[in-house]
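Let's walk through this one together, strand by strand and helix by helix. Have the viewer open and follow along.

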Amino acid sequence: MSIDWAALGLQALNVLILVWLLARFFWRPVAGVIEQRRAAAQALLDDAGAKNEAAKAALAEVTATRAGFAQEREALLAQAQAQAAAARTTLLAAAAQEAEALRREARAAMQTEQAAAAQAWRARASRLAVDIAARLAARLQGEAVQAAFLEFLLREIQALPPAARQAAALEAVSATEIPAAAQPDIAARISAALGVMPRITFITEPALIAGLELRGPHLRISNSWRADLDRIEQDLTHDG
Amino acid sequence: MISPLSNPPLFHLGPLPVPESVVATWGIMLLLAGGGAMLTRGLRLAPSRTQAALELLVSTVDSQIRDTMRVEPGPYRAFIGTLFVFIFAANWSALLPGVEPPTAHLETDAALALLVFLAVIWFGVRAGGVRGYLASFAFPNPIMIPLNFIETLTRTFSLLVRLFGNVMSGVFVIGIVLSLAGLLIPIPLMALDLLTGAVQAYIFAVLAMVFIAGAVAEAKPETPSTKAPP
């Protein structure tokens with residue numbers, strides 16, 4: 001057995017050439033495509049990771065925005081509640097003021113009405129009293145009453161100042177007709193009281209109820225139940 | 001009967017005699033390089049079935065290099081992978097009628113072992129420089145220098161002998177059985193020879209990786225981070 005050194009050298013050279021050839025045409029291209037795929041997969045993973053991070057960031061932003069919404073909602077609710085409370089307070093105060101004003105107004109109106117009613121009732125009572133008194137006084141017709149009123153008239157005339165007694169014509173007004181026979185006497189007594197001799201005309205006015213009044217252009221002496229009752233009614237009405 | 005150990009020249013290339021094993025090697029080279037170039041013409045990111053098979057082969061070689069050498073496979077892939085593919089193809093070329101596997105001849109196995117021996121030196125020097133590589137012979141202490149040196153030679157020789165012995169014996173046995181028993185009897189032996197050829201290709205490549213990894217690891221200078229604290 002011997003070694004063929006030339007064959008050994010050729011085989012070594014052949015294997016070296018084969019190593020180069022396969023490295024050039026097989027190992028490097030296949031390893032390269034594997035590396036490319038790995039790089040592409042890594043890029044996809046990195047991209048996916050970046051997108052995942054971006055999605056997480058977006059989610060965090062949305063969560064923060066939602067939290068902001070909640071806070072803003074709470075703030076708006078609190079503001080609205082505060083505004084509602086303030087408005088309610090204002091409205092309550094305004095309503096209270098308005099109610100108080102209405103109450104005062106109603107009280108004033110009621111007082112006015114009460115005063116008016118009281119006045120009306122007073123006037124009515126006065127009129128009623130005067131009517132009663134007139135009815136009562138109407139029953140007191142007669143010569144005695146007439147004589148008493150004549151006396152009152154004469155006293156009134158005498159109480160007048162002398163200048164006021166000057167009259168040319170006068171009317172003697174009575175509630176009932178004075179008999180013609182009595183008229184000259186009554187005229188004489190009046191003229192005597194006046195101190196002059198006026199022309200006296202006798203007139204009848206049932207409204208006087210009872211009494212004898214003297215009326216002239218510059219002289220008027222009210223001496224009757226009607227005049228007295230009018231004064232009383234006026235006094236009663238004004239007293240209220 | 002012609003001795004399986006003989007390697008007569010088929011023709012002469014000038015002064016160089018060209019035996020049958022060299023011609024068979026050329027055929028295998030043509031097949032492997034041509035096939036590789038043809039199959040890798042249309043590589044794409046979305047692989048076809050053929051490309052997936054090629055990538056599986058490359059990935060397996062890379063994985064073996066990573067597991068055995070504990071380094072990135074890039075610088076070693078072409079050499080280790082080609083060793084495996086060539087020995088595998090050479091061993092299985094016995095299936096072709098009239099073709100004797102090149103690895104059944106001592107010169108081919110010696111050439112392969114010589115290339116592994118040179119590759120150990122090359123990668124060792126590249127990893128740690130000439131000084132680093134030579135210093136690796138003094139590991140773990142200078143007394144081991146002769147033994148380490150002898151080991152380098154003997155393990156290379158063992159590569160040669162292991163591959164040659166296994167392949168040549170298979171061819172030899174099949175030849176004897178074929179001459180004695182006829183056509184069909186050697187078939188189980190041929191199947192066993194195929195298994196042996198695949199296993200021997202794998203063993204040769206793994207041992208080459210182990211030798212190169214040992215040289216690289218021992219020649220590589222220690223980094224400060226790997227040193228023990230004082």
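Start in chain A, where strand S3 (residues 212-215) runs antiparallel to S4(A), the two being joined by 2 bridges. Strands and helices here are DSSP runs numbered from the N terminus, with at least two residues (E) for a strand and at least four (H or I) for a helix. Two strands count as paired if DSSP finds at least two bridges between them. Within this pair, A:Arg215 stands opposite A:Arg220 in S4(A).

Before going further, some housekeeping: this is a predicted model, in which local features need pLDDT of at least 70 and side-chain atom pairs count only at pLDDT 80 or more, while totals for chains, interfaces and linings use all residues. Residues are numbered from 1 along each chain as its sequence is written, and chains are lettered from A and ligands numbered from 1 in the order in which they are written.

Back to the sheet. Its 4 strands are in the order S2-S1-S3-S4 (chain A), and the sheet is open with mixed pairing. S2 and strand S4 (220-221) of chain A sit at the edges with a single partner strand each, so one side of each has no neighbour in the sheet. Strand S1 (residues 169-174) of chain A and strand S2 (residues 199-204) of chain A run parallel, joined by 6 bridges. Look there for A:Ala172, which stands opposite A:Phe202 in S2(A).

S1(A), helix H3 (residues 183-194) of chain A and S2(A) form a right-handed β-α-β unit; right-handed means that, with the strands pointing away from the viewer, the path from the first strand over the helix to the second runs clockwise. H3(A) lies across S1, S2 and S3 of chain A, at about 125 degrees to S2(A). Helix H2 (residues 143-159) of chain A lies across S3 and S4 of chain A, running at about 35 degrees to S3(A). Angles like these run from 0 to 180 degrees between N-to-C directions, with axes as lines fitted to C-alpha atoms, for helices over the stretch in contact.

Next, see how the chains meet. 35 residues of chain B are in contact with 29 residues of chain A, contact being C-beta atoms, placed from the backbone, within 7 Å. The largest share of chain B's side, 9 residues, comes from H1(B). That side divides into 23 nonpolar, 9 polar and 3 charged residues. Here Ala, Val, Leu, Ile, Met, Phe, Trp, Tyr, Cys and Pro count as nonpolar, Asp, Glu, Lys and Arg as charged, and the others, Gly among them, as polar.

Helix H1 (residues 5-138) of chain A packs against H1(B) at about 5 degrees, with axes 9 Å apart. That makes the two helices, H1(A) and H1(B), roughly parallel: angles under 35 degrees count as roughly parallel, over 145 as roughly antiparallel, 65 to 115 as roughly perpendicular and the rest as oblique. The residues that meet include A:Phe25 and A:Phe26 in H1(A) and B:Trp26 in H1(B).

Finally, how far does the predictor trust chain B? Its mean pLDDT is 87, with 93% of residues reaching 70 or more; pLDDT is the predictor's confidence in each residue, from 0 to 100. Over residues 224-230 of chain B, though, the pLDDT is below 50. The model scores ipTM 0.90 and pTM 0.62.

Methods:
Contact = placed C-beta atoms within 7 Å.
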